[in-house]
Amino acid sequence: MAIGKEIRGKIKSIENTRKITKAMEMVAASKMRKAQERMRAARPYSDKVRNITAHLAEANPEYRSPYMRQVSQVRAVGFIVVTTDKGLCGGLNTNILRAVSLRMRDAQQAGQGIRATAIGAKGQSFLLRAGAQIISQAVQLGDLPQLEKLIGPVKVMLDAFVAGELDAVYVCYTRFINTMKQEAMVEQLLPLVPERLEQSETEKKAYSWDYIYEPGASVVIDQLLKRYTEALVYQAVAENMASEQSARMVAMKAASDNAGSLIDELKLIYNKTRQAAITKELSEIVGGAAAV
């Protein structure tokens, strides 16, 4: 039964693949919980910096930080593209890179120059294929986002904006909504819009004290806005990592389920083939006995 032997080989191969996808699903589920905890733990810091910065900005309305500089005509834009280093996470990278591609195409049609910072190997490969000017990059971040690895590449983009080489900076990442849903986001990072620094009435009461500035209000506000911008990028990376593990867990579960269905179909075909071969042999024996 050459056909039966071939089917048994396929079943064995798919069973081995299902073991791998099942193991990857369990690993992703474990990493997902830790990634969600890190994502939630990063939010209080950015909220605290935002509130202090908003209060300082209101206390010094005469000073306009370069991080809030608005221009009438945008000539050059920067993109901080956050993706994963590894694959096997469904359409996660495809969705965010499609959104980045559309936004970059709009910028090119408007005659705007483009510079990019790649965070993640998948985004780096995409930007290289697209022919974008990559001015900084951070790859192989691992499962734990480390701010010291992000500050350098992000600083290059921030310095370009402060120097007037860029008129707008966008951060592109995948926002974690829940285990089954992640959303591709292309958000304006710079210039910081006043809406980002708005405070609720409760927050205004909590941060109603006065400050003594050393060495000066402008230096303190600029440093706080810089730290706040870095915190936004770190939060985007943390959200993307949580989305990555969730998408990988769902993708591996779907792969395991599909492998199970395929195994069942192959077993049915194998049994039918085996039954047909047995029936044929019996018919030949009966026919031979009748001929004798």
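Me: What does P153 touch, not counting residues up to four places away in sequence?
Reply: In this predicted model, P153 touches T117, S136, Q137 and A138, where contact means heavy atoms within 4.5 Å. P153 itself lies in helix α4, residues 147–162, helices being DSSP runs of H or I with at least four residues and strands runs of E with at least two, both numbered from the N terminus. P153 and I119 are 34 residues apart in sequence, yet their C-alpha atoms are 8.4 Å apart in space.

Me: Is P153 buried or exposed?
Reply: Buried means under 20% relative accessible area, exposed means over 50%, and partly exposed lies in between, with a 1.4 Å probe and protein chains only. The relative accessible area of P153 is 10%, so P153 is called buried.

Me: How do you know what these values rest on?
Reply: Residues are numbered from 1 along each chain as its sequence is written, and side-chain values use heavy atoms, with hydrogens and water left out. Since the model is predicted, local features need pLDDT of at least 70 and side-chain atom pairs count only at pLDDT 80 or more, while totals for chains, interfaces and linings use all residues.

Me: Why is L88 called exposed?
Reply: L88 has a relative accessible area of 54%, and it is called exposed because exposed means over 50%. The place of L88 is in the loop between β1 (76–82) and α2, and its phi is positive, about 60 degrees, although L88 is not a glycine.

Me: What makes Q140 count as exposed?
Reply: Q140 has 55% relative accessibility and therefore counts as exposed. Q140 sits in the loop between β3 and α4, and its phi is near 55 degrees, a positive value in a residue other than glycine. Most residues other than glycine have a negative phi, and most peptide bonds are trans.

Me: Which peptide bond is cis, with omega near -5 degrees?
Reply: The bond from L190 to P191 is cis, and P191 is placed in the loop between β5 (181–190) and α5 (201–206).

Me: How do you know that strand β2 is joined to strand β3?
Reply: Two strands pair if DSSP finds at least two bridges between them; β2 (residues 113–119) and β3 (residues 133–138) are joined by 5 bridges, so they count as paired, and they run parallel. Within this pairing, A116 stands opposite I134 in β3.
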